[in-house]
Amino acid sequence: MAARIGVVTFPGTQDDQDALRAVARAGAQPVPLWHRDPALHAVDAVILPGGFSYGDYLRAGAIARFSPVMQAVIAGAADGLPVLGICNGFQVLCESHLLPGALLRNGGMHFVNRDVKLRVESAATRWTAHYEPGQEIVIPIKNVDGRYTAAERTLDELEAEGRVVARYLQNPNGSARDIAGIANAQGNVVGLMPHPEHAIDELTGPYPGPATDGLPFFTSILKQLVDA
Amino acid sequence: MARVVVDVMLKPEILDAQGQAVQRALPRLGFDGVVGVRQGKRFEVELDGPADEAALERVRAMAETLLANTVIEEFTVKAEV
């Protein structure tokens with residue numbers, strides 16, 4: 001039976017369809033999850049996709065964190081459920097305290113929308129096992145609240161524990177230590193500001209390419225679920 | 001009925017990109033002598049009872065839980081008279 005990977009839709013979510021498509025492309029069974037439904041429908045992993053949940057009212061991710069589905073995701077994450085938060089999903093994970101730090105308004109105040117080069121720093125998470133440590137990839141970013149911030153002590157801790165998952169080669173928004181993505185201590189929860197689900201096929205991925213550098217996020221988790 | 005005001009500001013060590021943008025705009029508009037601007041949020045919480053210490057404590061809990069993200073922000077709570 002194919003692994004079931006859930007994708008949450010909040011009011012204001014934009015990238016749920018792309019995330020569901022990426023899950024299917026990786027060979028898993030995509031399962032739509034709804035913000036008001038606290039049931040996770042026996043999924044093996046959860047993706048919180050990009051967008052502007054609840055209009056980004058108050059702070060990006062602040063309202064979504066209290067939605068019924070997130071109570072199940074937070075409880076599941078504590079038991080090892082793999083969770084990937086992309087863009088707004090990363091913001092929701094920080095607001096939920098599943099990941100440390102916060103995402104603030106970009107330095108320079110601009111909405112940044114372009115393909116960026118990242119270096120995958122850790123292949124030791126549930127979501128990045130199919131990358132080589134140090135591998136350089138191209139996937140898009142599109143956000144205005146993408147500047148990763150945390151206390152110096154927290155940043156030191158993330159670095160020392162190998163929990164910086166990806167770094168920008170050219171920092172687009174003033175993120176601390178060029179951080180594009182981080183993991184929790186167990187490696188089952190990953191937050192990533194750029195959008196791997198927009199870089200999974202030749203037709204719609206970054207042009208002129210490489211166009212499918214995001215796909216390993218989805219195949220990594222699938223392989224781990226199948227092996228488990 | 002009582003009104004309790006919660007002011008939420010980014011912690012001093014956190015770069016405030018919005019405040020910075022406002023500060024940079026001011027000299028262009030002829031407002032000189034401004035050495036810093038920081039932008040925050042103000043919440044006016046209307047209560048059905050009096051703003052006694054128990055009520056203030058509840059509003060502090062609201063601020064801690066939802067109104068502020070204490071990873072990056074700090075807040076003050078005061079009853080408005």
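Before I compared helices, I noted that axes are lines fitted to C-alpha atoms, for helices over the stretch in contact, with angles running from 0 to 180 degrees between N-to-C directions. I also noted that this is a predicted model, where local features need pLDDT of at least 70, side-chain atom pairs count only at pLDDT 80 or more, and totals for chains, interfaces and linings use all residues. Residues are numbered from 1 along each chain as its sequence is written, and chains are lettered from A and ligands numbered from 1 in the order in which they are written.

**Entry 1: the helix pair.** I found that the axes of H1(A) and H5(A) come within 9 Å and cross at roughly 60°. H1(A) is therefore oblique to H5(A) (angles under 35 degrees count as roughly parallel, over 145 as roughly antiparallel, 65 to 115 as roughly perpendicular and the rest as oblique). Helices (H or I, at least four residues) and strands (E, at least two) are DSSP runs, numbered from the N terminus.

**Entry 2: who touches whom?** From H1(A) I listed Ala22(A), Val23(A), Arg25(A) and Ala26(A), and from H5(A) Leu215(A), Phe218(A), Thr219(A) and Leu222(A). Contact requires C-beta atoms, placed from the backbone, within 7 Å.

**Entry 3: Val23(A).** Beyond its neighbours within four places in sequence, Val23(A) is in contact with Ile5(A), Val7(A), Ala28(A), Pro30(A) and Phe218(A).

**Entry 4: the end of the helix.** Just after H1(A), I saw that Gly27(A) takes a positive phi of about 105°.

**Entry 5: cover.** Strands S1 (4-9), S2 (29-34) and S3 (45-48) of chain A, with helix H5 (215-227), are included in what covers the buried residues of H1(A).

Methods: Two residues are in contact if their C-beta atoms, placed from the backbone, lie within 7 Å.
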